[in-house]
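Please read them with the structure open.

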Amino acid sequence: MTSLPSVSSFGELRALLADLPGPDLAAAAACRARDAQLTKPPGALGRLEDLADWLSAWQGRHPPRLERVLILVFVGWHEIARHGVSAFPAEVTDQMVANFAAGGAAINQLARLAGAELRVVPVGQGRPAHDFTLRPAMSEAGCLRAIEVGLASVPADIDLLAIGEMGIANTTPAAAIAAGLGGDTGAVWAGPGTGLDRGGVALKAAVIDQALDRHRPVMTDPLEVLRHVGGRELAAMLGAVVGARLRRVPVMLDGFTATVPAAVLQAIEPAAIAHCQVGHCSAEPGHRRLLKRIGLPPLLDLGMRLGEASGAAVAIQLARAAVACHLGMATFASAAVSQQRAE
């Protein structure tokens, strides 16, 4: 597939999600067959073995490879920041975009270490998502445009995609979406984000509750939840996850805010995020709860809460370790090593 389909309505997107390609079972079986012959006890490499299997299944080939890995960081702007729901001022978003371009952010260093290309994708620069305590964050057309930004950001020739974000105040829409999907209150999902104190977290929860009350009639539809209390970078991440699935590219998700769009997709179509792994569990309290809800265990738990795809970038190195072992290890036959005795 050289070009991805456009989506001009939420109905078209739902139809697309109902007919997504599945894993390549033959490639996965070939991966497991080789793994069984490698010079180690069965299962001894734990989740590294699972990662090799996952890469083969979703790349649609055996052996898997990681020759071209891409990290996409989607950037969004939010009027909701005016409520004081972030410990940093809104202008930091623009300043961090400049920092990414200059190579001075954490993700620049981690992408280089992981052997990954980094692309920063501003979504709606100069047009922040609306204050959703007053009106929907986006129109349907605006939400769809952001989703198509994500779709269009996924090239056809990559082996693994890592997805992350940056946008001052965006843990508030992320928490609002999580609350809307589960019928919860803001207090269940609001966390410190960039470093709010207890009072700041309580304020964030109150802002979320105000928004949920305003938009309660649409809270039964996951896409309307995204549109009403989300943001453009969250919509773009949803589009990127879908685009990767259509291109048979496995996806490594970052932290809480990057996982929320995947939760929206799963709420629409349970199998829509089967091609995703979660790189790490964020220190943002809602992330662990969200991962339990969607059934994706994180690969790492390092107490990170930066965003920028930083945790996903670290997890890329686990995927590289999995491929290196799968391809480089000797088999019992080639190394003349005796296999495990039959029971």
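1. Among contacts in the protein with a separation of 6 or more, 80% join residues 24 or more positions apart. Keep in mind that this is a predicted model.

2. Overall build. The protein has 15 helices and six strands. Its radius of gyration is 20 Å, close to the 20 Å that the globule rule gives for 343 residues, so the protein is as compact as a globular protein of that length. The C-alpha trace spans about 70 × 40 × 40 Å along the principal axes.

3. Burial and surface. Of the 343 residues, 55% count as buried. The accessible surface comes to about 13,500 Å². Carbon and sulfur atoms hold 55% of that surface.

4. Charge. There are 30 positive and 31 negative side chains. The centres of these two sets lie 2 Å apart.

5. Helix H13. Which residues of H13 are buried? In this helix, residues 285-294, they are Gly286, His287, Leu290, Leu291 and Ile294. Seen down the axis of H13, these residues fall within an arc of 135 degrees, so they line one face of the helix.

6. Thr257. Is Thr257 buried or exposed? Thr257 has a relative accessible area of 4%. The cut-off for buried is under 20%, so Thr257 is buried. Leaving aside residues up to four places away in sequence, Thr257 touches Glu165, Asn170, Thr171, Ala174, Leu234 and Met237.

7. Backbone background. Most residues other than glycine have a negative phi, and most peptide bonds are trans.

8. The His62 to Pro63 bond. This peptide bond is cis, and its omega is near 0 degrees. Where does Pro63 lie? Pro63 is found in the loop between helix H3 (47-59) and strand E1 (69-75).

9. Ala309. Its phi is near 70 degrees, a positive value in a residue other than glycine. Ala309 lies in the loop between E6 and helix H14 (310-328). Its relative accessible area is 0%, so Ala309 is buried.

10. Ala336. Here too a residue other than glycine has a positive phi, near 55 degrees. Ala336 lies in the segment after helix H15 (332-335). Is Ala336 buried or exposed? Its relative accessible area is 72%. Exposed means over 50%, so Ala336 is exposed.

11. Ala15 and Val242. Ala15 is in helix H1, residues 10-17. At 49% relative accessibility, Ala15 counts as partly exposed. How far apart are Ala15 and Val242 in space? They are 12 Å apart, C-alpha to C-alpha, while 227 residues apart in sequence.

Notes:
Residues numbered from 1 in each chain as written. Heavy atoms only, no water. Buried < 20%, exposed > 50% of the residue type's maximum accessible area, 1.4 Å probe, protein only. Helix = DSSP H or I, 4+ residues; strand = E, 2+ residues; numbered from the N terminus. Arc of directions from axis to C-beta. Rg over C-alpha atoms; globule rule 2.2 N^0.38 Å. Contact = heavy atoms within 4.5 Å. Areas by Shrake-Rupley, 256 points an atom, 1.4 Å probe, with all protein chains shown as cover. Lys, Arg positive; Asp, Glu negative; His and termini not counted. Charge placed at Lys NZ, Arg CZ, Asp CG, Glu CD.
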